[in-house]
Each structure stands twice: as C-alpha cells, then as structure tokens.
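Please have the sequence and the model open while reading.

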Amino acid sequence: MRVWIDGRLVDASEAHVTAFDHGLLTGDGVFETLKVYAGRAFAVRRHLERLARSAAGLGLVLPDASVLRGALDELVAADGLGDARLRITVTGGPSPLGSERGPGPPTVIVAGAPLGPPPGPTDVATVPWPRNERGALAGLKTISYGENVVALHYARERGATEAVFANLVGNLCEGTGTNVFVCIDGRVLTPPLSAGCLAGVTRDLILELTDASEDDLPLVALADADEAFLTSTTREVQPVRAVDGRVLPAAPGTRTKEAADAFTALVRREIDP
C-alpha cells in the first residue's frame with residue numbers, strides 16, 4: 001500500500017510525520033473519508049468543499065482542490081483500488097509542545113484501504129455524554145476524536161456498532177461517525193445542523209433525493225420510531241435494528257428501503273453513467 005504525504009507518494013512503511021506534528025500533539029486537524037466504487041471516488045467535490053469548511057473553522061490552509069484531487073487519483077491508480085475508502089487528513093504541521101500552532105505549512109496525508117460491502121442492519125446505543133452544539137468545533141470534521149472513541153467503546157460493550165449522542169438540550173444529534181434518520185408516521189426526519197450534527201455528505205444526498213426533512217427531535221424519538229437508519233460514507237444507508245436493546249418494528253422498513261434504493265441509484269449514475 002502507498003500513502004500520499006506532503007506531495008509525495010511513498011510506501012506506507014515510509015510514511016512518517018514528526019513527533020512534533022500538531023495533529024499528534026493536540027488533535028489540531030481536519031479530515032474527510034471518501035468512498036471508491038469500481039476505482040472511482042464518489043462525491044469528491046462535496047467532500048473537498050466540506051474539508052475546506054472544516055479547515056477554515058480551524059484556521060488551516062489547504063492545498064488547492066486540484067492538488068487534492070490529483071492525490072486521490074494518484075493513490076487509487078497506484079494501489080489499484082476498486083471498492084475502497086480514502087482518507088484525506090490535514091493537520092497543523094510541526095509545532096511547539098502546546099496549543100500554539102507552529103509557523104510552518106500543514107501536514108497533508110491521503111491514505112486508502114480496500115472496503116467490503118456496506119453492513120446490514122445494526123444496533124445502536126445512546127450514550128450519557130452530550131454533544132456541545134455551541135462549541136468551537138461544532139459542525140467541523142476534525143481529528144479530535146477522543147470523545148467518539150469513548151462513546152463507541154461504550155456502545156460496543158453493549159453489543160452495538162454505533163453510539164448516538166443527544167445535544168445539550170436533550171435533542172437527538174448524531175452518531176460518532178454517522179447521521180441519524182427516524183421514520184415517524186410515514187415522515188422521515190433528521191436533526192438540523194443547528195442541533196450540532198455534522199453536515200454529512202450522505203445525509204445531504206438523502207435530503208436531496210427523498211422527501212426527508214429536518215426537525216428537532218427529543219432523543220427518545222429514536223427508540224420510539226417506526227424505523228430508523230444511519231447514513232455515512234462507508235455505511236451508506238444502514239437500517240437500525242434496535243436502540244438500547246429495544247427492537248424497532250422494522251429494519252429495514254419501507255422508508256429506509258426507499259432511501260437506500262435512491263442512494264444506490266445515484267451511485268450507479270455517477271460511477272457508471
């Protein structure tokens with residue numbers, strides 16, 4: 001496997017960053033995960049636009065989008081990636097041993113790995129720690145993932161594959177790496193961005209492709225839903241089977257199937273027009 005790092009494609013064993021990299025020291029960085037279908041990266045423009053928004057939120061300067069697109073293409077070709085995931089990571093670069101960022105350029109890394117088919121229905125667990133929808137990092141896709149690591153471990157201990165957060169006012173927010181949709185009385189709903197959730201690329205596409213809409217919902221709406229599903233780049237549209245051990249009436253339900261079918265059709269049009 002190869003890694004693209006700071007303008008060079010190198011063997012993964014040779015891909016190194018300094019021990020003084022600000023991403024390593026403080027979690028100062030942003031990232032994007034993209035999916036490759038049959039050797040073609042999907043929704044690249046949307047991912048790079050979100051990466052730029054996240055970088056602006058942290059005050060990081062990105063390479064030109066054309067450079068990042070070239071790095072993605074170069075890596076896919078070099079490793080012969082068919083169905084895979086790609087990750088772009090941009091950090092604050094070499095810095096002092098503290099919160100202050102150094103004067104040098106950012107560290108830019110693009111890595112990839114093969115990826116199997118999307119997973120089937122899953123269980124989720126709600127966690128006792130809220131997302132802060134008013135925090136400095138709200139809505140940014142940063143590498144500061146310690147909170148997610150703790151929450152996902154909590155969920156795994158309870159037999160779930162995803163942890164779901166409420167926000168500070170007790171409303172449904174998001175998963176550690178997913179957006180959440182609930183289906184109630186035929187309506188498909190997902191929290192608005194003001195709830196503190198990330199503007200997921202797959203989330204945005206489902207809102208565009210279906211009649212799903214945004215609404216503030218109490219956390220309990222998830223377990224009380226007729227059906228529910230998670231969205232993310234790697235999970236695509238994943239039905240929720242149970243919430244905190246409470247089995248939902250359908251997984252996948254009719255509305256979940258509709259969303260999944262609409263997304264699959266879009267991928268096919270984009271990848272094999």
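## Cavities

On a 1 Å grid over the protein atoms alone, a cavity is a set of points where a 1.4 Å probe fits but cannot get out, and lining residues have an atom within 4 Å of a point. Grid points are joined across faces, edges and corners, and a volume is the space filled by probe spheres set on the points. The model is predicted: local features need pLDDT of at least 70 and side-chain atom pairs count only at pLDDT 80 or more, while totals for chains, interfaces and linings use all residues. Residues are numbered from 1 along each chain as its sequence is written, and side-chain values use heavy atoms, with hydrogens and water left out.

There are 2 cavities of 30 Å³ or more in the structure. The largest cavity has a volume of about 50 Å³. Its lining consists of Lys35, Tyr37, Phe42, His47, Val201, Thr202, Leu205, Thr233 and Phe263. The most comes from α5, with 3 residues. By class, this lining has 5 nonpolar, 3 polar and 1 charged residues. Here Ala, Val, Leu, Ile, Met, Phe, Trp, Tyr, Cys and Pro count as nonpolar, Asp, Glu, Lys and Arg as charged, and the others, Gly among them, as polar.

The second largest cavity holds about 30 Å³ of space. Val188, Thr210, Asp211, Phe229, Arg255, Glu258 and Ala259 line the second largest cavity. Helix α7 gives the largest share of that lining, 3 residues. The classes in the lining of the second largest cavity are 3 nonpolar, 1 polar and 3 charged.

## Second largest pocket

A pocket is an open set of grid points with protein on both sides within 12 Å along at least five of seven lines. The second largest pocket contains about 190 Å³ of space. Its lining is made up of Arg40, Ala41, Phe42, Ala43, Val44, Arg45, Arg46, Leu205, Leu266, Glu270 and Ile271. Two or more residues of this lining come from each of β4 (40-41), α2 and α7 (254-271). By class, the lining of the second largest pocket has 7 nonpolar, no polar and 4 charged residues.

## Helix α2 and its partners

Helix α2 (residues 44-58) packs against helix α3 (residues 65-79) at an angle of about 125°, with the axes 11 Å apart. Axes are lines fitted to C-alpha atoms, for helices over the stretch in contact, and angles run from 0 to 180 degrees between N-to-C directions. The angle therefore makes α2 oblique to α3. Angles under 35 degrees count as roughly parallel, over 145 as roughly antiparallel, 65 to 115 as roughly perpendicular and the rest as oblique. Val44, Arg45, Leu48 and Leu51 of α2 make the contact with Ala65, Leu68, Arg69 and Leu72 of α3, where contact means heavy atoms within 4.5 Å. By class, this contact has 6 nonpolar, no polar and 2 charged residues.

The angle between α2 and α5 is about 125°, and their axes lie 10 Å apart. This makes α2 oblique to α5. On the α2 side, Arg46, His47 and Arg50 meet Val201, Asp204, Leu205 and Glu208 of α5. The contact of α2 with α5 has 2 nonpolar, 1 polar and 4 charged residues.

## Helices α5 and α7

Helices α5 and α7 pack at an angle of about 105°, with their axes 10 Å apart. That makes α5 roughly perpendicular to α7. The contact involves Thr202, Leu205, Ile206 and Leu209 of α5 and Ala259, Ala262, Phe263, Leu266 and Arg269 of α7. By class, the contact of α5 with α7 has 7 nonpolar, 1 polar and 1 charged residues.

## Backbone details

Ala251 and Pro252 are joined by a cis peptide bond, with omega about 5°. Pro252 sits in the loop between β15 (246-247) and α7.

Ala38 is in the loop between β3 and β4. The phi of Ala38 is near 50°, a positive value in a residue other than glycine.

Definitions and conventions:
Helices (H or I, at least four residues) and strands (E, at least two) are DSSP runs, numbered from the N terminus.
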